[in-house]
Amino acid sequence: MSEILIVGGGFAGVWSAAAAARLRAGSDLRITLVAPGDDLVLRPRLHRLDADWSRVPLKRFLDPIGVTHLRAEVTGIDTDGRLVDLGHRSITYDRLVLAAGSRLVRAAIPGEEFLYDIDTAEGVSRLASRLRDAENFSAIVVGSGFAGLEIATELADRGKVTLIERAQVVAPDLGPGPRPVIQAALADLAIDVHLGTTVRSADADGVVLADGRQIRADVVIWTAGMQASPLTAQIHAERDRLGRLKVDRHLRVLDDVFAAGDVAAALADPDHQVLQSCQFATPMGKAAGHNAAADLLGLPLVDFAPDPYVTCLDLGVAGAVFTTGWDREVQLTGRQGKELKGTILDVIHPPLDDAEEILRQAGRQSNEVSG
Ligand SMILES: Cc1cc2nc3c(=O)[nH]c(=O)nc-3n(C[C@H](O)[C@H](O)[C@H](O)COP(=O)(O)OP(=O)(O)OC[C@H]3O[C@@H](n4cnc5c(N)ncnc54)[C@H](O)[C@@H]3O)c2cc1C
């Protein structure tokens, strides 16, 4: 009996499990997925502040395809001994797929305990219950990356929003392509933008900025600073500045270890590395799971080959902006962009209770659901 162990129950983990399950017919391959929670959390839905809508029961995806879910947190990985430590016991593997994702690492500032986030379903529940029934609240959002812009614009028609960005421009990581659309949306929504500064401290009444200015708010939402899971440090291999493991075109890190999703720095094409996003995490999961199983079964491995890069940024009641390519050329804005965003938020939900459909989708690296 051979054992594939998948660490993580996000997009990369569940699709690894399905892709491995697809290959194992007639073999004695056992597949186990370790994750502490009962749900796959659809993080791209979290900015809508509905934690339940973002949760997908792992059981209804894994049970039909015969994958065991071990509800536990991995505390250590011993790649020499092929052992994974669960705190109270260790389990062995023949092939490991690390898919433990990313998490927000907040700056250690005085008053950190007053900060809210939209990084997890728990974080969103805490924020939503603080804002429930509040009509004219004020919110400070720290960071104007993807998550910061989505939550700032989401909240702007319900309260007063201030956006704080350390860089001299808004959305520094999204480049100049969509910036005019984003700036127009922030202006339309009357979001107060402070550039070139950061937060020195927070308390129950708001924040003090690096330059000493005080801004009052009911909630302060921190969105800046994503890092790969600290488990990546337990694998003796090169990591990038986000803590992601360097992988080859088969998403292999070591002979018997693969990595997928936000923990893996793979090439999306000859000139670009993947970003920490579900549009890459899903096909990476499929390729890594396939390759872990194929490696054990003596079958050909597949190259990781994602769809062309796109982005679709929600801008609340100002619509959404859809871009294509690494230069992020704007294709759709406003209501048309918003309709596409809605479709994307629908299709990232995986099929449930239907082994045939789950395995069919696992066999396609493309994020297109049909075909
Ligand atoms: C607010 C927000 C909005 C986003 N919007 C978009 C978007 O619009 N489009 C897009 O493409 N991407 C978006 N992303 C990014 C996207 O959600 C991530 O890239 C994606 O979730 C990565 O999937 P993953 O499976 O690698 O990791 P994750 O989704 O982080 O899942 C990691 C899994 O590993 C488990 N895990 C972690 N540590 C351990 C451990 N020690 N032991 C066992 N299990 C562990 C976790 O419980 C979880 O199940 C957004 C992210 C956020 C936070």
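Student: Two strands pair if DSSP finds at least two bridges between them, so which residue stands opposite Asp85 in strand 8?
Tutor: Ser90 does. Strands here are DSSP runs of E with at least two residues, and helices are runs of H or I with at least four, both numbered from the N terminus.

Student: Is this an experimental or a predicted model?
Tutor: The model is predicted: local features need pLDDT of at least 70, side-chain atom pairs count only at pLDDT 80 or more, and totals for chains, interfaces and linings use all residues. Residues are numbered from 1 along each chain as its sequence is written, and side-chain values use heavy atoms, with hydrogens and water left out.

Student: Back to strand 8. How many bridges does strand 7 make with strand 8?
Tutor: Three, with strand 7 (residues 83-85) and strand 8 running antiparallel. They belong to an open sheet of three strands in the order 6-7-8.

Student: New topic: helices. At what angle do helix 1 and helix 8 pack?
Tutor: At about 100°, with the axes 8 Å apart. Axes are lines fitted to C-alpha atoms, for helices over the stretch in contact, and angles run from 0 to 180 degrees between N-to-C directions. Helix 1 is therefore roughly perpendicular to helix 8, a label for 65 to 115 degrees.

Student: Which residues of helix 1 meet helix 8?
Tutor: Trp15, Ala18, Ala19, Ala21 and Arg22. On the helix 8 side are Ile358, Leu359, Gln361 and Ala362, where contact means heavy atoms within 4.5 Å.

Student: Trp15, then. Buried or exposed?
Tutor: Trp15 is buried, at 5% relative accessible area. Buried means under 20%, exposed over 50% and partly exposed in between, with a 1.4 Å probe and protein chains only.

Student: How many aromatic pairs are there in the whole structure?
Tutor: Four. Rings of Phe, Tyr and Trp (its six-membered ring) pair if their centres lie within 6.5 Å; planes under 30 degrees apart count as stacked, over 60 as edge-to-face and the rest as tilted. Trp15 and Phe61 are edge-to-face because their planes stand at 80°, with the centres 5.2 Å apart. Phe61 is in helix 2 (residues 59-62), 46 residues from Trp15, and is buried at 2% relative accessibility.

Student: What about Phe280 and Trp326, how are their rings arranged?
Tutor: They are stacked, with planes at 10° and centres 6.2 Å apart. Phe280 is buried at 2%, whereas Trp326 is partly exposed at 22%.

Student: Which residues form a cluster through ring pairs?
Tutor: Phe280, Tyr309 and Trp326.

Note on methods: Two strands pair if DSSP finds at least two bridges between them. Angles under 35 degrees count as roughly parallel, over 145 as roughly antiparallel, 65 to 115 as roughly perpendicular and the rest as oblique.
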